[in-house]
Amino acid sequence: MRRLVASLPLALLLAACSPAPTPPQTAAGQAAPADATLGSAQWYAWVDQSLGIDDGNGHGPDRGSAEWNQTVQRKLGQEAPQSEPGSPEWQQSVDALLRTRMPSS
């Protein structure tokens, strides 16, 4: 019991000195939006940037269109959700997958 009590201040000190957690990063290194509603313009933009669908000059399928959804599926490859592309379940799966991906080096 004494060991536990003696080590408690050290554990608290280490916890206090730990760096704050950083927001999740996608493969493209783009921080995941903290409060973007699934299907919102901000969410579509984040997915678009994360997967490199739009070339940055406005060339690419319209966000949220059937063509865009299929492009997302293709970019995700084997990890792509099995639910209907564009459905709320699909958006939730895409969001969760992109938020858990580590940045590529």
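**Helix H2 and its neighbours**

The axes of helices H2 and H4 come within 11 Å and cross at roughly 50 degrees. H2 and H4 are therefore oblique to each other. The crossing of H2 past H4 is left-handed. This is a predicted model.

Which residues make the contact? H2 brings Trp43, Tyr44, Trp46, Val47, Ser50 and Leu51. H4 brings Gln91, Val94, Asp95, Leu98 and Arg99. By class, the contact of H2 with H4 has 7 nonpolar, 2 polar and 2 charged residues.

Now look along H2 itself. The helix spans residues 41-51. Its buried residues are Trp43, Tyr44, Trp46, Val47, Asp48, Ser50 and Leu51. Their cover includes helix H3 (66-76) and helix H4 (88-100). Just after H2 comes Gly52, with a positive phi of about 65 degrees.

Next, the aromatic rings. There are 2 aromatic pairs. In one, the ring centres of Trp43 and Tyr44 lie 5.4 Å apart, and their planes stand at 65 degrees. Planes over 60 degrees apart count as edge-to-face, so this pair is edge-to-face. Trp43 has 0% relative accessibility, so Trp43 counts as buried. Tyr44, at 15%, counts as buried because the cut-off is under 20%.

Tyr44 also pairs with Trp68, again edge-to-face. Here the centres are 5.1 Å apart, with 80 degrees between the planes. Tyr44 lies in H2 and Trp68 in H3, so the pair ties together parts that are 24 residues apart in sequence. Trp68 is buried, as is Tyr44. Trp43, Tyr44 and Trp68 form one aromatic cluster.

Key:
Residues are numbered from 1 along each chain as its sequence is written. This is a predicted model: local features need pLDDT of at least 70, side-chain atom pairs count only at pLDDT 80 or more; totals for chains, interfaces and linings use all residues. Side-chain values use heavy atoms; hydrogens and water are left out. Buried means under 20% relative accessible area, exposed over 50%, partly exposed in between (1.4 Å probe, protein chains only). Helices (H or I, at least four residues) and strands (E, at least two) are DSSP runs, numbered from the N terminus. Contact means heavy atoms within 4.5 Å. Axes are lines fitted to C-alpha atoms, for helices over the stretch in contact, and angles run from 0 to 180 degrees between N-to-C directions. Angles under 35 degrees count as roughly parallel, over 145 as roughly antiparallel, 65 to 115 as roughly perpendicular and the rest as oblique. A crossing is left-handed if the near helix is turned anticlockwise from the far one by less than a right angle, and right-handed if clockwise. Ala, Val, Leu, Ile, Met, Phe, Trp, Tyr, Cys and Pro count as nonpolar, Asp, Glu, Lys and Arg as charged, and the others, Gly among them, as polar. Rings of Phe, Tyr and Trp (its six-membered ring) pair if their centres lie within 6.5 Å; planes under 30 degrees apart count as stacked, over 60 as edge-to-face and the rest as tilted.
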